[in-house]
Amino acid sequence: SVTGLSLWGSVVAVGLVCIFYTTLGGMKAVVWTDSFQMLVMFAGMLALLISGSLKLGGLDVAWNIANKNQRILFFEFDPDPSVRHTTWNVVIGGGFFWMAIYGINQAQVQRAISVPSIKHARTAIWLNFPGMLIILSLVCSVGVVMYAYYSTCDPVSLKIISKTDQLIPLFTMDLLGHLNGLPGLVLSCVFSGSLSTISSGLNAVAAVLLEDFVKPYCCKKISGYAATLFSKATVVGCGLICLAMAYFVSELGAILQLAYVLFGILGGPLLGLFTFGMLCPWGNKWGGNIGLITALAFVAWIGLGTSINSVVITPKSPLTTAGCNMTAINALKALATTAAPTTAAVLASTTPATAAPPKDYFLLYRMSYIWYTALAVITVLFVGTIVSLITGGHKKMRELDPRVICPFFDVFMPFLPESFRCKARCGVRHGDEEFIATFIKHQEEKLRHNGVHNEALDVSDINLSEKKVQNGHTITNGDYSTKL
């Protein structure tokens, strides 16, 4: 509606292109195209930031305008969990969210296991940190400049655009519409982000279905050729389903918040399950499964209840149309023939928008969506522990693989007395090098007996970079922090 491009034509084109190269290239295509798309996003955002700052007279001018209108709040220490964004929920709740993204999300994990060793995986993740910091800072800076540009003429109130998700395309056309090629470069950022996300998801779904469902339960001796055909067919099928779901998602409102809510509902319980397995050696299958289902149902109930009841606790910041004197006016005149009464009334408005007072909603419905992931993790740990203890717990904790159980107090509180830390290990034989070496040998024999010859699945590769040899015996490094 802003650029003249067909919405559904763009959706179908992006979907089909993504399905095509993911089907043909697999993980390698996903990694290389993601790398290129990241460069496109950097270039597009930089173009917007530089041109917007020059238009306003500098980034400091934009910053002062946003700060004056209370759009920049760095230190909001309100402990109320219903406040949409505070220092507490962004740091703690956001920390759990990103922990789920980097720790258990298949689309991210598949990148880590595609490199030769654990050392390379760690290096890749650490290198990702400055890149993510830069792109987020860049996007936030563009947001500040964009607000300053429209601070006295809100295009949503003018009905020039219908959703805040359309602000970037409008901002692009206002700034760079007269320069051939540049609007296309900037708008390609949106397409690059979409392609990157979709391709990673499609490849992840194909890998999970093949490795966790088809091979174990259906076709244990599936050939490489058949596995490749199945993966390609899965990518095509799931891609077409995603295209069909696009219409439904388009009716659900702001995309960013929706993504956080959905991932909190789905990713939070899964992060809780992995955390439960790592930190709680007494946990058993009953505790893990019931904890996972309980957390999923609990968080889904909160998320759906909040959406169905249209819960709004933090009111929107005030907006105005008092200073409209830019491209928006021309677009407004073009719409005058079809929406003259409404348009004239909006244009004449100089009063900032005010939100209706919040209703007395149910306590959990008022909680900020950023807390969903953390709430799900706590629910799994709590319910899983109780159910495990009721059902007898894990009866063979001394036989557990120490490499997959995190000695919490040894890692995070090594200053505590050894006697306490020893009891806190619950019998798991951390540091017992002879037992670990024997355990690895038995697992390798079991894998060979079952016909598994896949280095990505080989448990002996878990601590490959930490292995060393002394006196002819293979042992593992006793550094608990590297195991974590």
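Student: Where does lysine 159 lie, and what is its phi?
Tutor: Lysine 159 sits in the loop between H5 and H6, helices here being DSSP runs of H or I with at least four residues, strands being runs of E with at least two, and both being numbered from the N terminus. Its phi is near 65°, a positive value in a residue other than glycine. This is a predicted model, in which local features need pLDDT of at least 70 and side-chain atom pairs count only at pLDDT 80 or more, while totals for chains, interfaces and linings use all residues. Residues are numbered from 1 along each chain as its sequence is written, and side-chain values use heavy atoms, with hydrogens and water left out.

Student: Why is lysine 159 called exposed?
Tutor: Exposed means over 50% relative accessible area, buried means under 20%, and partly exposed is in between, with a 1.4 Å probe and protein chains only. Lysine 159 has a relative accessible area of 53%, and therefore counts as exposed.

Student: What is the phi of glutamine 70, and is this residue buried or exposed?
Tutor: Glutamine 70, in the loop between H2 and helix H3 (87-103), has a phi near 60°, again positive in a residue other than glycine. Its relative accessible area is 61%, so glutamine 70 is exposed.

Student: How do you know that the length of helix H13 agrees with its number of residues?
Tutor: The expected span is 1.5 Å times one less than the number of residues. For the 19 residues of H13 (residues 372-390) this gives 27 Å, and the end C-alpha atoms are 27 Å apart, so the two values agree. Just after H13, glycine 392 takes a positive phi of about 100°.

Student: What makes a set of residues a nonpolar core, and which residues have the most contacts inside the largest one?
Tutor: A nonpolar core is a set of buried Ala, Val, Leu, Ile, Met, Phe, Trp, Tyr and Cys residues joined through side-chain atoms within 4.5 Å. The largest has 30 residues, and Met45, Leu48, Tyr150, Phe171 and Leu175 have the most contacts inside it. At least two residues of this core come from each of H1 (7-56), H2 (59-68), H5 (118-149), H6 (167-176) and H7 (182-218). H5 gives the most, with 9 residues. A second, separate core of 17 residues includes Val261, Cys280, Val299 and Ala300.

Student: How many residues of the chain count as buried, as a percentage?
Tutor: Of its 484 residues, 36% count as buried, and its secondary structure comes to 17 helices and 2 strands.
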